[in-house]
Amino acid sequence: MATESSNGASIVTLKDVTKTFYRGKEPIHVLAGLDLDVPSGSFEALMGPSGSGKSTLLNLIAGLDRPTSGEVTVAGANLSRMSDGQLAKWRSQTIGFVFQSFNLIPVLTAAQNVELPLLLTDLGGADRKSRVATALRVVGLEDRMDHYPRQLSGGQEQRVAIARAIVNDPKIIVADEPTGDLDRKSADDVLTLMDKLNKELGKTIFMVTHDPAAAEKASVQRKLDKGALQ
Amino acid sequence: MVPVRYNIRSLLVRKVTTFATAIGIALVVFVFAAAQMLGEGVNRALANSGRTDTVIVLRKGSDAELSSTLDGERLNMLRSNSAVASSAPGGGVIGESVLVITAELADGSGGISNVLLRGMPADGMKFRPEARIVSGRAPSPGTNEVIVGKSISGRFEGIAPGKTFEVRRNRPLLVVGEFETGGTSYQSEVWGDLDTIRASVGRESVVSSARVRLTSASAFEGYRAAMEADKRLNLKVMREDDYFKKASEQTSGFLAGMGMVIAILFSIAAMIGAAITMNGAVANRTREIGTLRALGFSRLAILTSFMLEAIFLSLIGAAIGLLFVQLLALVSFPTMNFQTFSEIVIRFAATPAIMISSTIFAVAMGLLGGLAPAIRAARISPVEAMRG
């Protein structure tokens, strides 16, 4: 796992970004002229009420969606101009995902779930196996490799998901309510782990959360309301 | 590419729907394979019935022995050629009389079917070395004794060893034995004395057809040209194997065609079943698919993955269908020989080609049924992964 340092240069830059959805013919302006700079190596928490546009913003940063207007630049790539296929490839090389509901594939073991992003690389079987073992060791679950998600607790599932997020050594980890489905103890374990990924491995983390305790772990806290950063 | 084990395990996890869909596909594969096995059975029974060094001679204009008549003079003309193997039984030429009778089925159903009776001279059996008595004895020449082919022995009232049946009132024929001819269509006939059989229909002076044993298979063209050149003789000369092959084409084509129509109708239902199952799979796994897309798997990878899953599903169905269809090899099946309008009994015959074509048919069903759900899966947005 490569260590990255915070050098202050922006890894995420949004310029005058708007995002409009349509309900029938009625436009809903979720983000309106938003600017954002996220320095490389930072751990940022984005908070805000439901419907404020947090998830939309996260989707844009993660390359899951494209803005209606404006420019989204992440790790040097202008995502606004990429095709679906280019975005998919870019995500596989650049982004690590942590989801609220863990999103592990239930029919695959922990190790097989962690291996998924590596199947999009040129790595051979032995290299993949070694990387999977390292990632699971980082999250403290090397002894749960062959367990299926249903055989793990919620906290363990989320740690497997974090192992999957870091296994391809992404430049940035995006986390959508990573503690939302966890009890306090498991949530704290996950947050400690994310803090470790940020501080020890230098991973940039951009996290959306409702949980004030989670936000406190972050070095920067931002608030989004009605599509604008406060 | 999405790992194949993802699809295999997904199918295994949804055991009940997977099994139900596979059974639907299995049923279609069963019908599809059975129709072809039946056609193959007919081919084996009819197309293999003839020999290449033997010709069958009919009156010109006749397609079948049943509608042909030849007189004694013509039989003599057939002998007068150097291509005839005169050392063969009957001097290389035998004239036979065939007729079709209606007989009641012995199963008590009251149903009737047609049976072909063949009257042959004393050397008739020797002329066909593949024919052998399997029980009882050969009929004595010049008597009312007959033997019955193994395939139909006991299927009809009175047509079984030790029993009698009538072709003409008060002239019973006595079955004295059973014969077999290696599964060919002759095995579905009743053989008796030529004079007895033709006397029973009042055609004492003529035969239906003649069989001529040639010195070699290559002598056929010369012999045919010589016999057909004489317009007064008015003869039609065919290789015996070609004659039966032509007969089999009509019957096997009919059976295979009928089976194919049923299989295609069933396959529409099975494809709808596969489509429903795969649609359910896609609907239940929207978040999983979204997650795979978020991780970087392309639309094509998702499409391929779900098409593969549909193929696996159809292969499970094909395996079940083909397993059960093997049991049909134990079943024999009475059907109509459209050339003689008499019943022949055939067996379902499985060949590797049938197994392969049935599997391809199943996969095609899976692909067609799975295409729309797979396209739906490929269109799922990676944003779906984010929905809680």
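Q: In this predicted model, where buried means under 20% relative accessible area, how many of the eight residues of helix H1 (residues 54–61) of chain A are buried?
A: The buried residues of H1(A) include A:Lys54, A:Thr56 and A:Asn59 as well as A:Leu57, A:Leu58, A:Leu60 and A:Ile61. The helix is therefore described as mostly covered, since a residue counts as buried under 20% relative accessible area. Of its eight residues, the number that are buried is seven.

Q: Which residue with a positive phi follows H1(A)?
A: Helix H1 of chain A spans residues 54–61. The residue that follows this helix has a phi near 75°, and its name is A:Gly63.

Q: Which element gives the largest share of the lining of the largest pocket?
A: The largest pocket, with a volume of about 440 Å³, is lined by 23 residues, and those closest to its centre are A:Lys54, A:Ser55, A:Thr56, A:Asn59 and B:Arg387. Two elements give two or more residues to this lining, namely strand S2 (26–39) and H1 of chain A. By class, the lining of the largest pocket has five nonpolar, 12 polar and six charged residues. The largest share, four residues, comes from H1(A).

Q: What is the volume of the second largest pocket?
A: The second largest pocket has a lining of 16 residues, with B:Gly183, B:Gln187, B:Val345, B:Ile346 and B:Arg347 nearest its centre. Helix H2 (15–47) and strand S14 (342–347) of chain B each supply at least two residues of this lining, which divides into five nonpolar, eight polar and three charged residues. The space in this pocket amounts to about 300 Å³.

Q: Is B:Ile272 buried, partly exposed or exposed?
A: B:Ile272 lies in helix H7 of chain B, which gives the most to a nonpolar surface patch, with 10 residues. Among the members of that patch are B:Leu27, B:Phe254 and B:Ile272, and the patch has about 1,000 Å² of accessible area together. Because its relative accessibility is 48%, B:Ile272 counts as partly exposed.

How values were computed: Residues are numbered from 1 along each chain as its sequence is written. Chains are lettered from A and ligands numbered from 1 in the order in which they are written. This is a predicted model: local features need pLDDT of at least 70, side-chain atom pairs count only at pLDDT 80 or more; totals for chains, interfaces and linings use all residues. Side-chain values use heavy atoms; hydrogens and water are left out. Patches are made of residues with over 30% relative accessible area and no salt bridge: like charges are joined within 9 Å, nonpolar side chains (Val, Leu, Ile, Met, Phe, Trp, Tyr) within 5 Å. Accessible areas come from the Shrake-Rupley method with a 1.4 Å probe; for residues, only the protein chains shown count as cover. A salt bridge is a side-chain nitrogen of Lys or Arg within 4 Å of a carboxyl oxygen of Asp or Glu. Buried means under 20% relative accessible area, exposed over 50%, partly exposed in between (1.4 Å probe, protein chains only). On a 1 Å grid over the protein atoms alone, a cavity is a set of points where a 1.4 Å probe fits but cannot get out, and a pocket is an open set with protein on both sides within 12 Å along at least five of seven lines; lining residues have an atom within 4 Å of a point. Grid points are joined across faces, edges and corners, and a volume is the space filled by probe spheres set on the points. Ala, Val, Leu, Ile, Met, Phe, Trp, Tyr, Cys and Pro count as nonpolar, Asp, Glu, Lys and Arg as charged, and the others, Gly among them, as polar.
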